[in-house]
Amino acid sequence: MKKYLPIIFRIAVAIILIQTLRFKFTGHEDSIYIFTQVGLEPVGRIGIGIAELVAGLLLLFRKTAWLGAVLTLGIIGGAIMMHLTILGIDVKGDGGVLFYTAITTFVLSLIVLYFYRKDIPILGKKF
């Protein structure tokens, strides 16, 4: 089982990232609301959607998993900050689902980065 944990975590993060893209790319009203609140509609919504797609794809391949995890940490770190400073925990009555999903994704990405730390160019050999 220990052998499969890294890939399970990679796939979990990739699924979380990729499943949200339909909301960003189709202009779902909740997605538009969120990005309007933080002053990034529509360019930020589409740009972050593209970054999430790239991160999700990078996570699917072992050699680039570390890079996907780093990109995810940046994207989701920004989302968490927006929740804490502008949006709040509960967005449009969701009970905090988006916020807690972001926290979960962030933690899983940290774990993925730890698993694949040796693959990081230049730095990886030191870990």
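Modeller: Helices (H or I, at least four residues) and strands (E, at least two) are DSSP runs, numbered from the N terminus. Helix α5 is followed by Gly88, whose phi is positive, near 90°. Residues are numbered from 1 along each chain as its sequence is written. This is a predicted model, in which local features need pLDDT of at least 70, side-chain atom pairs count only at pLDDT 80 or more, and totals for chains, interfaces and linings use all residues, while side-chain values use heavy atoms, with hydrogens and water left out.

Biologist: Which residues are buried in α5?

Modeller: Buried means under 20% relative accessible area, exposed over 50%, and partly exposed in between (1.4 Å probe, protein chains only). In α5, the buried residues are Ala65, Trp66, Gly68, Ala69, Thr72, Leu73, Ile75, Ile76, Gly77, Ile80, His83 and Leu87. As background, an α-helix has 3.6 residues a turn, so residues three or four places apart point the same way.

Biologist: What covers the buried residues of α5?

Modeller: The cover includes α1, α3 (29-37), α4 (43-59) and α6. Gly68, a residue of α5, counts as buried because its relative accessibility is 0%. Contact means heavy atoms within 4.5 Å. Not counting residues up to four places away in sequence, Gly68 touches Ala55, Leu58 and Leu59. His83 also lies in α5 (residues 65-87), and its relative accessibility of 7% is why it counts as buried. Leaving aside neighbours within four places in sequence, His83 is in contact with Gly88, Ile89, Val91, Leu98 and Phe99.

Biologist: How many aromatic pairs are there?

Modeller: Rings of Phe, Tyr and Trp (its six-membered ring) pair if their centres lie within 6.5 Å; planes under 30 degrees apart count as stacked, over 60 as edge-to-face and the rest as tilted. The count by this rule is two. Phe9 and Phe115 are stacked, because their ring centres are 6.0 Å apart and their planes are at 20°. Phe9 lies in helix α1 (residues 5-19) and Phe115 in helix α6 (residues 97-115), so this pair ties together parts that are 106 residues apart in sequence. Phe99 and Tyr100 form an edge-to-face pair, at 5.3 Å centre to centre with 70° between the planes.

Biologist: Which charged ends sit over the rings of Tyr33 and Tyr114?

Modeller: A charge sits over a ring if NZ of Lys or CZ of Arg is within 6 Å of the ring centre and within 35 degrees of the ring normal. The charged end of Lys92 sits over the ring of Tyr33, 5.1 Å from its centre. For Tyr114, the charged end over the ring belongs to Arg117, 4.0 Å from the ring centre.
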